[in-house]
Amino acid sequence: MTISPIAAYKAALPNPMENVTSLGAEQNTGKSFGEFLKDSVSEKVSALQNFEKAAHGSTTGQISELDLVSAVNEADIQLQAFKVAWEKFLQKYETIVEKTTL
């Protein structure tokens, strides 16, 4: 029985595609990008809804000014976080587009 050195060499090399999954394959490594995005947006929407409730409550006297200021600050923080994430997303998207169009 003869052993081909090339076949032995190829058999010893690790397969680089071994750990790569397809885009549709489900991974158990945590949240998918869609789930992460959905959770992130729902947090922002929840903060804005709380602000709206607090603003309405302050006009009717049902909520204190301190609670209103707290709701405004929380909404502002969430909005700023969304803005930063959106800008980073756009930068990455532009980078991908530039690399694929070259």
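A polar contact is a pair of N or O atoms within 3.5 Å; within protein, one atom must be able to donate a hydrogen and the other to accept it, and neighbours in sequence count only if both atoms belong to side chains. With that in hand, look at Q78 and E74, whose side chains are joined by a polar contact of 2.9 Å.

A word on the ground rules before we go on. This is a predicted model, in which local features need pLDDT of at least 70 and side-chain atom pairs count only at pLDDT 80 or more, while totals for chains, interfaces and linings use all residues. Residues are numbered from 1 along each chain as its sequence is written, and side-chain values use heavy atoms, with hydrogens and water left out.

Now for the overall layout. The protein chain has three helices and zero strands, running α-α-α from the N terminus on; helices (H or I, at least four residues) and strands (E, at least two) are DSSP runs, numbered from the N terminus. Of the 102 residues in the protein chain, 8% are buried, where buried means under 20% relative accessible area, exposed over 50% and partly exposed in between, with a 1.4 Å probe and protein chains only.

Let us turn to a pair of helices. The axes of α2 (residues 33-60) and α3 (residues 65-101) come within 9 Å and cross at roughly 155°. Such axes are lines fitted to C-alpha atoms, for helices over the stretch in contact, with angles from 0 to 180 degrees between N-to-C directions. The two helices are therefore roughly antiparallel to each other, a label for angles over 145 degrees. On the α2 side, the contact (heavy atoms within 4.5 Å) is made by E43, K44, A47, L48, N50, F51, A54, A55 and S58, and on the α3 side by L68, A71, V72, E74, A75, Q78, A81 and F82.

Back to Q78, which lies in helix α3. Because its relative accessibility is 14%, Q78 counts as buried.

Note on methods. Angles under 35 degrees count as roughly parallel, over 145 as roughly antiparallel, 65 to 115 as roughly perpendicular and the rest as oblique.
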